[in-house]
Amino acid sequence: MLNRQLQIQRLQYPVFNRILISYLLLVSVFLCLSFNCFAVTSVGDLKSQQKNEILFNIHAYYVEDLALQQSFESSQQFEALLAQLDPYSKYLDEHELEALFSSTNGRYTGLGIEVKQQQQKIIIVNTIKDSPAAIAGVQMNDVLLAVNQQTVAHKDINQVAQMIKASDTATVTLTIERGNSPQAIYFTLTRSEINLESVTSSLSEFGIGYLAINSFTNHTLHDVARQITALQSHYGNPLTGLVLDLRDNPGGTLQSAVAVSDLFLQSGTIVTTKGRFYDANQHFRAKKGDILNGAPIVVLINENSASAAEILAAALKDNHRATLIGSQSFGKGSVQSLIPLGNGNTALKLTTAKYFTPSGQSIDGIGVTPDVAINQSTLSQIDKVVIIKNEQGNDDQLWSRTDSADPLLLKAQQLLTMK
């Protein structure tokens with residue numbers, strides 16, 4: 001399950017008197033391995049009425065007009081229908097739906113591992129602060145070899161998640177390959193409840209704020225505004241600039257991405273969405289009011305910045321409000337909606353629209369291009385916090401410690417102090 005997501009906001013669509021929850025979700029890159037939201041769900045046990053309800057919603061709301069059959073004689077036919085949908089569309093059972101809502105509130109029970117699949121390997125992207133994985137010493141760039149002594153070779157992320165979900169105990173043993181170490185490393189981890197930090201921040205002696213949006217939860221908009229206010233209060237004056245770090249941010253809801261973008265914009269388009277039904281076509285514009293009063297912004301992105309993070313980055317770039325530094329972002333340019341099924345205990349997560357940047361471009365499969373391209377290995381949120389943490393209250397430490405450790409932050413400082 002993604003452990004970094006934005007607020008889910010309910011939108012009423014009166015035509016069918018149904019609640020659709022629009023959000024943006026990157027499911028193919030990040031996965032918290034102990035969470036069962038992305039486990040492979042069997043639809044073979046669904047009743048005919050449930051299948052017909054799913055078929056109706058696909059006909060009515062899916063972003064593309066598919067040629068779909070009207071009935072099913074077998075479960076195989078129904079599963080073939082779902083296979084026609086994009087990777088972001090999926091049936092969610094009761095446990096998966098509950099897991100999704102829990103994560104949007106910044107909490108879940110799990111191991112605290114984020115992974116991506118690369119060259120047929122399952123690679124650790126990040127471990128969440130204070131999680132079982134982080135405490136045990138699992139590290140970024142570790143390669144997952146086995147779960148409970150069962151190999152993960154030639155398995156995709158969903159299959160690996162199912163292996164972890166299938167564990168009938170609270171503990172899970174991970175076999176890890178690390179760097180050039182000749183021997184595998186074993187970690188036995190116990191699932192526990194994890195609270196996710198939405199935003200971290202720090203301040204330099206130059207009055208430049210650093211704000212890392214680590215996850216988009218229900219509290220992200222409030223946390224961003226609160227942290228900026230605290231930075232300004234600590235500095236004693238308005239900030240002279242802001243570094244907005246969106247690296248490794250997998251996204252969240254469309255509404256939250258719009259709201260955070262609006263904090264920094266006085267006017268202009270934030271994003272537009274286009275789909276087949278009326279309410280999927282929306283144009284979001286900024287309202288007057290810039291929390292930084294025009295102070296310059298530098299946004300950091302990388303190949304794991306996706307979905308809502310890309311909306312924010314593109315909105316600030318296209319409105320000439322920020323300079324983007326880093327590498328090409330992931331390129332997740334579609335909007336999903338949660339459509340409740342039956343009594344509301346299950347749902348269909350369905351792609352209902354594509355989104356377009358203020359310049360009218362679709363970034364789906366392309367990504368957002370930085371103004372200043374700097375390639376850098378993925379830096380975990382824990383590494384970022386270590387770099388910017390200022391326990392002694394000496395602001396000089398912020399940038400001096402990042403000169404060699406984080407070239408993107410160094411470049412951001414150079415750009416902001418020149419303005």
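Two strands pair if DSSP finds at least two bridges between them. In this predicted model, such pairing builds an open sheet of 6 strands, in the order β12-β13-β14-β17-β18-β21. The pairing is mixed. Strands β12 and β21 (372-373) stand at the edges. Each has a single partner strand, so one side of each is left without a neighbour in the sheet.

Strand β12 (residues 199-203) runs antiparallel to β13, and 5 bridges join them. Thr200 has Ala212 of β13 as its bridge partner. The two strands form a hairpin with 4 residues between them. In the turn, Gly207 has a positive phi of about 80 degrees.

On β13, burial is complete: 6 of the 6 residues (208-213) are buried, so the strand is largely enclosed by the rest of the structure. In a regular strand the side chains alternate between the two faces of the sheet. Here both faces are covered. Ile208, Tyr210 and Ala212 are buried on one side, and Gly209, Leu211 and Ile213 on the other.

Strand β13 also pairs with β14 (residues 241-245), this time in parallel, through 5 bridges. Gly209 stands opposite Leu242 in β14. From β13 the chain crosses through helix α6 (residues 220-235) to β14, and this β-α-β crossover is right-handed. Helix α6 lies across β12, β13 and β14, at about 15 degrees to β12.

Further along the sheet, β17 (residues 297-301) and β18 (residues 322-326) run parallel and are joined by 5 bridges. Val298 stands opposite Thr323 in β18. Helix α11 (residues 407-418) lies across β13, β14, β17, β18 and β21. Its angle to β17 is about 165 degrees.

Conventions
Residues are numbered from 1 along each chain as its sequence is written. This is a predicted model: local features need pLDDT of at least 70, side-chain atom pairs count only at pLDDT 80 or more; totals for chains, interfaces and linings use all residues. Side-chain values use heavy atoms; hydrogens and water are left out. Buried means under 20% relative accessible area, exposed over 50%, partly exposed in between (1.4 Å probe, protein chains only). A crossover is right-handed if, with the strands pointing away from the viewer, the path from the first strand over the helix to the second runs clockwise. Contact means heavy atoms within 4.5 Å. Axes are lines fitted to C-alpha atoms, for helices over the stretch in contact, and angles run from 0 to 180 degrees between N-to-C directions.
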